[in-house]
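Subject: A structure for you to explore

Hi there,

I'm passing on the structure we talked about, so please open it and have a look around before reading on.

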Amino acid sequence: MTDSAAPLASLQQPERHSDIRPVNTRWPLLKILGKVGSARHSEARIRRLGGEYLAALAISIVCTAIVYPLYPRLGPVNTVMLYLLGTTLAALRLSRGPCVVLPVANILAFDFFFVPPTFSFDVEDAQYIFTLVVMLIVALVIAHLMLSIRRHRDLTLARERRTAVLYAMSRELIVASDATAMVATVVQHINAVFHSETVVLMSNPDGTLTPASVGGNSTDQPALPVDYDAACARAVAESGERRVQDAVYLPLQGSRRVKGVIVVRPQPAGQSLPTEELNLLDAFAAQLASSLQRARIAEEAAIAKIAAERVLLRNTLLASISHDLRTPLAAIAGAGSLIGQQDYAINAERRAMLGKLIERKATDMSQLLSNVLDLAKMELGQGVLRAEWHAIEDLVSHALRANQARLTGWRVVVDLPADFPLIFVEATLIVQMLSNLLENAAKYTPPGTTICISAAVRDEKFLLVVADDGPGLPGDPESLFEKFQRGNPEGNVVGVGLGLAICRAAARLHGGEIRALRQPQVGARFEITLPVQMQTESPTAAEPDFQRHTA
């Protein structure tokens with residue numbers, strides 16, 4: 001009978017969990033510690049009340065000792081006033097019970113020492129009975145009023161403290177960027193204000209509750225294991241109402257459903273919280289619930305924005321590539337069909353012209369695809385700078401040689417100081433930025449336009465400028481650096497609008513920036529500012545390596 005009852009009794013025990021250790025090894029010990037803590041708390045409260053009662057009796061004795069030798073000169077009225085003064089002073093510090101005992105002790109002392117017959121509680125004159133009764137009533141009223149004032153003062157201070165705590169926590173929750181930091185902030189404030197152990201249980205999609213991580217906690221104390229009643233926590237999550245048992249269970253109520261439960265175990269164990277502190281805990285729970293909901297909405301909005309941008313980029317890329325590849329593909333197909341016709345006589349000169357046309361269009365297609373791949377590599381962070389010391393003259397010369405055929409008909413002016421220091425950069429990216437800017441100038445300015453390349457040191461930063469005296473920049477210059485953005489979308493200029501976007505990505509890899517400006521009179525100006533190292537007396541400049549972005 002005993003053996004069969006033991007398993008049944010164990011099954012009836014409430015299910016408990018700990019966010020760090022198994023419960024079955026710690027719960028009996030915590031239960032014992034809780035009883036010990038509750039007993040110590042009760043003992044301390046009894047000692048405090050006992051001390052207050054003794055203080056009340058001591059005040060009555062002091063008043064009597066002061067009045068007794070002076071009674072012939074003071075008289076009964078002044079004696080009563082002195083006792084009332086003692087009652088008033090006691091009501092400033094003592095609780096209600098001692099404040100009631102003190103007037104009674106004063107009445108007895110006044111009757112015993114000063115009302116005839118003295119040293120006796122008998123009263124000969126009936127007028128003294130009225131005096132004693134009025135004295136007791138006045139003393140009790142004074143004590144009651146003083147206690148009310150104290151209570152209102154404590155409530156005001158508590159409200160002020162509650163407002164300050166909520167304000168401080170709200171500021172930290174606004175700064176917190178994720179759910180872990182928000183939970184850590186609330187747990188830290190609850191533990192500091194209530195001297196408690198706290199755990200936050202988050203609801204899972206399947207309805208279960210799991211302890212939230214508090215890795216963002218900034219306190220030096222390690223997180224303590226907190227035991228909780230899993231059945232009670234589930235009941236609170238289902239009902240959305242606060243429960244107080246061995247701990248305080250607070251629901252994290254969202255706009256649609258309960259997002260979790262806060263479990264607060266006051267210390268010492270078994271201590272009950274007053275209504276005002278429970279209301280403060282409710283405010284903490286509401287703040288955390290609203291912050292978690294805000295974080296969830298922001299996360300969903302960010303995901304939706306990224307998805308929309310991905311779709312927009314995909315559609316724009318497909319439209320741009322299909323538009324800009326259609327012309328060279330059509331030219332290649334037409335030239336190839338002419339070359340391949342057996343019954344169509346083509347002389348050597350025309351055959352060479354068609355071959356060059358195919359080569360040029362194929363190069364344009366390869367450049368389009370290379371730009372797309374280069375931008376993807378730089379934005380995905382696959383590029384680690386391979387910076388070396390280079391002379392800006394060498395980088396500019398290489399960019400001009402690479403674009404020599406494209407710049408035929410344009411006047412290029414290079415204005416570089418003779419003693420310009422070496423710069424610590426990746427040559428490939430600098431040359432690519434210059435090539436893209438020169439290509440843009442050739443595309444969007446008429447032949448005969450002057451293109452000026454200059455360099456300078458401004459605010460200890462390297463400044464590279466490419467300017468022209470062409471028609472200038474259309475619309476908002478800043479928008480030109482967006483992906484698939486072209487200066488003249490309706491024109492027949494080949495390109496997908498990635499040249500300036502690649503320039504910005506390359507500049508930011510160096511920690512710098514690029515911006516587009518309108519010239520004061522006419523033309524466009526592109527400024528590249530790089531916070532790179534510069535050396536006037538350095539080792540021999542490295543030979544530029546241009547193999548980084550080969551397709």
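Below is what was found, taken topic by topic. Please keep in mind that this is a predicted model.

**Helices that pack together**

Let's start with helix H3, which covers residues 71–91, and its partner H4. Their axes are 10 Å apart and the packing angle is about 160°. Angles over 145 degrees count as roughly antiparallel, so that is the label H3 and H4 receive. The crossing of H3 and H4 is right-handed.

A second pair to look at is helix H10 (residues 392–402) with helix H11 (residues 427–444). Here the axes lie 9 Å apart, and the angle is about 50°. That angle makes H10 and H11 oblique to each other. The crossing of H10 and H11 is right-handed.

Which residues make the nonpolar surface patch of about 400 Å²? They are Val 100, Val 104, Leu 108, Phe 121 and Leu 140. Helix H4, residues 96–113, gives the largest share of this patch, with three residues. Leu 140 sits in helix H5, which runs over residues 126–175. Leu 140 has a relative accessible area of 32%, so it counts as partly exposed.

**Backbone details in the loops**

While you are around H4 and H5, look for Pro 117 in the loop between these two helices. The peptide bond that leads from Pro 116 to Pro 117 is cis, and its omega is near -10°.

Next, find His 195, in the loop that connects helix H6 (179–194) with strand E2 (196–203). His 195 has a positive phi, near 50°, even though this residue is not a glycine. Is His 195 buried or exposed? Its relative accessible area is 57%, so His 195 is exposed.

Asp 459 also has a positive phi, of about 55°, without being a glycine. You will find Asp 459 in the loop between strand E11 (450–458) and strand E12 (461–468). With a relative accessibility of 68%, Asp 459 counts as exposed. Now jump along the chain to Pro 531, which is 72 residues away from Asp 459. How far apart are the C-alpha atoms of Asp 459 and Pro 531? The separation is 9.3 Å.

**Salt bridges**

Asp 154 is partly exposed, because its relative accessibility is 39%. Arg 153 is partly exposed too, with a relative accessibility of 45%.

Another salt bridge brings together the side chains of Arg 242 and Asp 282, with an N to O distance of 2.6 Å. This pair links distant parts of the chain, 40 residues apart. Arg 242 is in the loop between helix H7 (230–239) and strand E5 (243–244), while Asp 282 belongs to helix H8, residues 275–340. Arg 242 has 34% relative accessibility and counts as partly exposed. Asp 282, with a relative accessible area of 29%, is partly exposed as well.

Then there is the salt bridge between the side chains of Arg 515 and Glu 527, at 3.0 Å from N to O. Arg 515 is in strand E13 (residues 513–518) and Glu 527 is in strand E14 (residues 524–530), so this pair ties together parts that are twelve residues apart in sequence. What is the relative accessibility of Glu 527? The value is 4%, so Glu 527 counts as buried. For Arg 515, the relative accessible area is 41%, so Arg 515 is partly exposed.

Best wishes

Definitions and conventions: Residues numbered from 1 in each chain as written. Predicted model: local features only at pLDDT ≥ 70, side-chain atom pairs only at ≥ 80, totals over all residues. Heavy atoms only, no water. Patch = residues over 30% accessible without salt bridge, like charges linked within 9 Å, V, L, I, M, F, W, Y side chains within 5 Å. Areas by Shrake-Rupley, 256 points an atom, 1.4 Å probe, with all protein chains shown as cover. Salt bridge = Lys/Arg side-chain N within 4 Å of Asp/Glu carboxyl O. Helix = DSSP H or I, 4+ residues; strand = E, 2+ residues; numbered from the N terminus. Buried < 20%, exposed > 50% of the residue type's maximum accessible area, 1.4 Å probe, protein only. Axes fitted to C-alpha atoms, helices over the stretch in contact; angles between N-to-C directions. Parallel < 35°, antiparallel > 145°, perpendicular 65-115°, else oblique. Left-handed = near helix turned anticlockwise from the far one by under 90°.
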